[in-house]
Structures are given as C-alpha cells and as structure tokens.
Amino acid sequence: MRIDPHALSVPPPTPTAETLPFWQAARRGELLLQRCADCSRWVFYPRALCPHCWSDRLDWAPASARGTVRSFTVVHKPGHPAWAVAAPYTVAVIDLEEGPRMLSALVGIEPAEARVGLAVRARFVEVGEWTLPFFEPAG
Ligand SMILES: [Zn+2]
C-alpha cells in the first residue's frame with residue numbers, strides 16, 4: 001500500500017530554536033539545510049555546532065532536495081497507532097546530494113518497488129499544521 005499522506009494525522013514535530021528554520025522552509029516546499037561558514041560542509045540534523053569542525057558559524061542554505069535511497073525497511077506494525085492507516089509503508093535512509101543523510105518515508109511508491117540506490121526527491125506534504133518532507137521517486 002502506498003502512503004496516503006493526506007490521511008495521516010500523526011504527532012507533529014516539536015520545533016526548537018535550532019530546528020524552526022527547517023520546519024518553516026518545509027512549509028514553503030523548500031529543503032533548507034545548515035552549512036558551515038568555516039568548513040563549507042553541509043549539516044543535518046539542525047544543531048548549534050558543526051559536527052565536522054565544531055564551528056558555531058552555521059548558516060541556512062537551500063538544498064537540492066534530491067538524493068538516493070541508502071537503506072530502507074517496510075513497516076507493517078508502526079510504533080505509533082497514528083501511522084497504522086499508512087501501513088505497510090517504507091521508511092528510508094536518504095543520502096542527500098549535499099552529503100548528509102535523512103530518515104524519511106517514501107511516498108508515491110509501493111513498498112515492493114523500493115530499492116537501494118533509487119533516485120528520489122523531496123515531496124512536501126501538509127500533515128496537520130506542519131509540512132513533512134517525504135521522498136518520492138525522482139524519475
Ligand atoms: Zn564546519
């Protein structure tokens with residue numbers, strides 16, 4: 001079964017001062033990542049210090065919102081009952097083009113069609129009052 005994101009009523013994210021720009025950008029349909037002003041490397045998840053050089057000079061920059069599936073699993077018994085309507089669904093680790101990895105769900109694809117190396121792009125879906133970045137096949 002494919003996830004029908006519009007049928008989801010899952011617990012919302014809990015933005016912090018460090019993550020709020022990410023969620024605000026998602027609402028605009030934009031994948032914003034932090035980038036270090038000292039070592040130029042991309043950073044995800046949002047945080048106060050660069051994990052590569054410990055600089056506190058992290059800026060926000062638009063990312064390509066494209067990547068490839070590094071790994072995935074098909075969830076038949078969700079850890080939270082709100083996801084039961086979507087099961088079975090595919091949770092994937094995405095290697096973003098910029099380098100960081102992001103855990104998300106695949107939409108627009110049957111779980112049996114998921115595969116390592118699949119090219120994907122972000123698909124922003126309103127769930128309640130927030131917008132979640134899921135991923136769909138890029139082809
Ligand atoms: Zn750095």
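Strand β1, residues 32-36, pairs with β2 in the antiparallel sense, over 2 bridges. Within this pair, Q34 stands opposite V43 of β2. The model is predicted.

An open sheet of 3 strands is formed here, with antiparallel pairing and the order β2-β1-β3. The edges are held by β2 (42-43) and β3 (58-62). Each has a single partner strand, so one side of each is left without a neighbour in the sheet.

Strand β7 (residues 119-127) pairs with strand β4 (residues 66-75). The sense is antiparallel, over 3 bridges. G67 stands opposite V120 of β7.

β7 also pairs with strand β8 (residues 130-137), again in the antiparallel sense, over 8 bridges. Here V120 stands opposite P137 of β8. β7 and β8 form a hairpin, with 2 residues between the strands. In the turn, G128 has a positive phi of about 65°.

## Nonpolar core

The largest nonpolar core has 28 residues. Those with the most contacts inside it are V69, A92, I94, L106, A114, F134 and F135. Two or more residues each come from α1 (20-27), β1, β5 (89-96), β6 (101-106), β7 and β8. β5 gives the most, with 4 residues.

## Contacts of L106

L106 is among the core residues with the most contacts inside the core. Leaving aside residues up to four places away in sequence, L106 touches T90, A92, A114, F135 and E136. Of these partners, A92, A114 and F135 are also listed among the residues with the most contacts in the core.

Methods: Residues numbered from 1 in each chain as written. Predicted model: local features only at pLDDT ≥ 70, side-chain atom pairs only at ≥ 80, totals over all residues. Pairing = 2+ DSSP bridges. Core = buried A, V, L, I, M, F, W, Y, C linked by C-beta atoms within 7 Å. Buried ≥ 20, exposed ≤ 12 C-beta atoms within 10 Å, placed from the backbone. Contact = placed C-beta atoms within 7 Å.
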